[in-house]
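Thanks, everyone. I have one structure for you this morning. Please take a look at it before I start.

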Amino acid sequence: MKKSLVLIIVILIVTTGITCKERAGLLTDRAHRAYKAKNYEKAKALCEKALAKDPNDVMAHVLRGWLYKDEGRLDEAILEYNKALAINPREKSVRVYRGDAYFVKGMFDEAISEFNVALTIDPEYPAAHYHLGLTYRSKGNNSLAGKYFY
């Protein structure tokens, strides 16, 4: 039964003309679901498969960054966010993720820079405002922090 199902799926993929990029996207979607379910090993494996099919899959790089950050591997997380931003430099959420990794490392000026870039992309982006406020508060500048909290 399982072999028949796999064969049917393979036939459908071949006959419907799903591209490598589309297959990578499907794998990334599955990786995201696995991450949300806290099945991190499965999420990692699916990210690897997705990136093997499409090395420019921004979300797969982001997911790997999240996985690394959750493990405390901040430098590796930042490298994944760098890869995602090399593909799409205007991805405001990745700016916030990278800024957050800098924040956790205590690199507040780098974090502030990332959050400000996110705000140049979308001046109303709540996550960037919030993280910018937290960072300024952590630097001891409560008056400036207050400008970014709604």
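R98 is buried, because its relative accessible area is 12%, under the 20% cut-off. This is a predicted model, so keep that in mind throughout. R98 sits in helix 6. What does R98 touch, leaving aside neighbours within four places in sequence? Its contacts are I78, Y81, N82, L85 and E114.

Take L85 from that list next. L85 belongs to helix 5. Its relative accessible area is 6%, so L85 is buried too. Skip residues up to four places away, and L85 touches E91, V94, R95, R98 and E114. E114 therefore turns up on both lists, for R98 and for L85.

Buried or exposed? V96 is buried, at 4% relative accessibility. Outside four places in sequence, V96 touches F115, A118, Y125, A127, A128 and H131. With H131, the C-alpha to C-alpha separation is 7.6 Å, across 35 residues of sequence.

Now the aromatics. A pair of rings is described by the distance of the centres and the angle of the planes. How many aromatic pairs does a search of the whole structure find? The search finds 6. I will go through two of them.

Start with W66 and Y97. Their geometry is edge-to-face: 5.4 Å centre to centre, with 85° between the planes. This pair links distant parts of the chain. W66 is in helix 4, residues 58–70, and Y97 is in helix 6, residues 92–104. W66 is buried at 15% relative accessibility. Y97 is partly exposed, at 26%.

Y97 also pairs with Y81. Here the geometry is tilted, with centres 6.0 Å apart and planes at 40°. Y81 lies in helix 5, residues 74–87, and Y97 in helix 6, so the pair ties together parts that are 16 residues apart in sequence. Y81 is buried, with a relative accessible area of 1%. Recall that Y81 is also one of the contacts of R98.

Where does this lead? Y35, Y40, W66, Y81 and Y97 form one aromatic cluster.

Y40 takes us to the next topic, helix packing. Two packed helices are described by the angle between their axes and the distance between the axes. Look at helix 3, residues 40–53, against helix 4. Their axes come within 9 Å and cross at roughly 145°. The crossing is left-handed. Which residues meet there? From helix 3 come Y40, A43, K44, C47, E48, A50 and L51. From helix 4 come A60, H61, L63, R64, L67 and D70. By type, the contact residues divide into 8 nonpolar, 1 polar and 4 charged.

K38 lies in the loop between helix 2, residues 20–36, and helix 3. K38 has a positive phi of about 65°, although it is not a glycine. Its relative accessible area is 62%, so K38 is exposed.

Let me step back to the whole chain. It has 9 helices and 0 strands. The chain has 150 residues, and buried ones make up 37%. Take contacts between residues at least 6 apart in sequence: 42% of them join residues at least 24 apart.

Last topic, confidence. The mean pLDDT of the chain is 88. Of its residues, 83% reach 70 or more. Which element has the lowest mean pLDDT, and which the highest? Helix 1, residues 2–16, is lowest at 54, and helix 5 is highest at 98. Over residues 15–20, the pLDDT falls below 50. That stretch has 4 contacts in the model beyond near neighbours in sequence. Where pLDDT is low, the predicted coordinates should not be read in detail.

To recap, then. R98 and L85 are in contact with each other. Y97 pairs with W66 and with Y81. Helix 3 and helix 4 cross left-handed. Residues 15–20 have pLDDT below 50. That is my part done.

Methods:
Residues numbered from 1 in each chain as written. Predicted model: local features only at pLDDT ≥ 70, side-chain atom pairs only at ≥ 80, totals over all residues. Heavy atoms only, no water. Phe/Tyr/Trp six-rings, centres within 6.5 Å; stacked < 30°, edge-to-face > 60°. Helix = DSSP H or I, 4+ residues; strand = E, 2+ residues; numbered from the N terminus. Buried < 20%, exposed > 50% of the residue type's maximum accessible area, 1.4 Å probe, protein only. Axes fitted to C-alpha atoms, helices over the stretch in contact; angles between N-to-C directions. Left-handed = near helix turned anticlockwise from the far one by under 90°. Contact = heavy atoms within 4.5 Å. Nonpolar A, V, L, I, M, F, W, Y, C, P; charged D, E, K, R; others polar. pLDDT = per-residue confidence, 0-100.
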